[in-house]
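Hi there,

Here is the model I promised to pass on. Have a look at it first, and then read my notes below.

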Amino acid sequence: MTEARFDLAKVGDELPAVRRPPLTITQLVMYCGGMRIFDPIHFSPEIARANGFPDVIANGSMRVAFLAQLVTESLGPADFLRSLTCRHRGMILIGDEVVSRGRIVRTWIEAGVVHVEAEVWNETARAGRADVGIAVVTVNSQ
Amino acid sequence: MVGTVLRARQSVLVEAALVDAFELAVGVKPTTSAVAPDGAEVRRAPPTFVYHLVHRPFDVTRDQRPGPLVDLPLGSPVNGGVEFDFARPVLVGEVLSAETVLHSVEPRRGSRGSLAVVITRTSVCDAAGDEVACYRHTTLYRRHDND
């Protein structure tokens, strides 16, 4: 199937998948420290387990950022991510390899501007589609 | 309670060092750029960086999970998801302001008892007061009245 560029997008096209190496605690500590997120279930295995989680879990906001990355890496220089939703359906744990994928589901013109809608998701071998969402991009095809 | 300002509007610089940390941790290519009104090329922040302009108060003297956003007897939070709308790209080096308001609190019956579904709305504005982004965040809490 053709991989999408938003300016040439057709319904059914897939976005180029973003494949990531196994999630590390170093990665989560950098994210949590930089973004000032101090819920210890994101960096302490002991506290995560004491709160009922199997291990350290990835931040929801980082998982949303994975979906945004999937979209923005397919944007042209004048294209713009207008909206993004994300629902969390499963846990993403330390060591999981997260793959972000997406598919164009709709295109339309509104006020003379091309809009492209894609379903997007993060998947892992353990949890399947752990996050699902919808992204809408406006395209400047000039 | 709905409409309560949970985090009052405060101005925040979009710092390059924090955008660096975001991009490195997420694995985003730090190459996105935009053209400023004066024609200069400037660096875009990743879209969802605006998620992190407002912060929960935290207590560094104790290793514990943060308490509920609202003044109710609620259990530990579960992140239910988010909906973003973006009006324009956010640029590194600009000063934004953000405010979080309680949008709704609704009971829900889950498979393991009753839940409270708390939705907040955060508005992010630029120095001119124009909204550049907003997001609605859903948090699920187990209600202590299950116990």
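How much area do chain A and chain B bury between them? The value is about 2,800 Å², and 63% of it lies on carbon and sulfur atoms; buried area here is the accessible area (1.4 Å probe) that two parts lose on being put together, summed over both. The size of an interface is often given in this way, as the accessible area lost when the parts come together.

First, some housekeeping. This is a predicted model, in which local features need pLDDT of at least 70 and side-chain atom pairs count only at pLDDT 80 or more, while totals for chains, interfaces and linings use all residues. Residues are numbered from 1 along each chain as its sequence is written, chains are lettered from A and ligands numbered from 1 in the order in which they are written, and side-chain values use heavy atoms, with hydrogens and water left out.

On confidence, the predictor gives the complex an ipTM of 0.92 and a pTM of 0.91. Chain B has a mean pLDDT (the predictor's confidence in each residue, from 0 to 100) of 86, with 93% of its residues at 70 or more.

Chain B itself has one helix and seven strands, arranged along the sequence as β-α-β-β-β-β-β-β. Helices (H or I, at least four residues) and strands (E, at least two) are DSSP runs, numbered from the N terminus. The C-alpha trace of chain B spans about 60 × 30 × 30 Å along its principal axes.

Back to the interface: 36 residues of chain A are in contact (heavy atoms within 4.5 Å) with 33 residues of chain B. Two salt bridges cross it, by the rule of a side-chain nitrogen of Lys or Arg within 4 Å of a carboxyl oxygen of Asp or Glu. One of them joins the side chains of B:R65 and A:D39, at 2.7 Å from N to O. On the chain A side, the elements that give two or more residues are α1 (25-35), α3 (60-72) and β2 (80-88) of chain A.

Which strands form it, and in what order? There are 10, in an open sheet with antiparallel pairing: β1(A)-β3(A)-β4(A)-β5(A)-β2(A)-β4(B)-β7(B)-β6(B)-β5(B)-β1(B). β1 (18-19) of chain A and β1 (5-13) of chain B stand at the edges, each with a single partner strand, so one side of each has no neighbour in the sheet. Two strands pair if DSSP finds at least two bridges between them.

The two chains join where β2(A) pairs with strand β4 (residues 74-86) of chain B, antiparallel, over five bridges. There, A:C86 has B:V82 as its bridge partner, and A:L84 stands opposite B:F84.

Some pairings within each chain:

- β2(A) and strand β5 (residues 128-139) of chain A share six bridges, with A:L81 partnered by A:V137.
- Strands β3 (residues 99-110) and β4 (residues 113-124) of chain A share 11 bridges, and A:W108 stands opposite A:H115.
- β4(B) and strand β7 (residues 131-143) of chain B share 10 bridges, and B:N79 stands opposite B:T139.

Enjoy exploring it!

Best wishes
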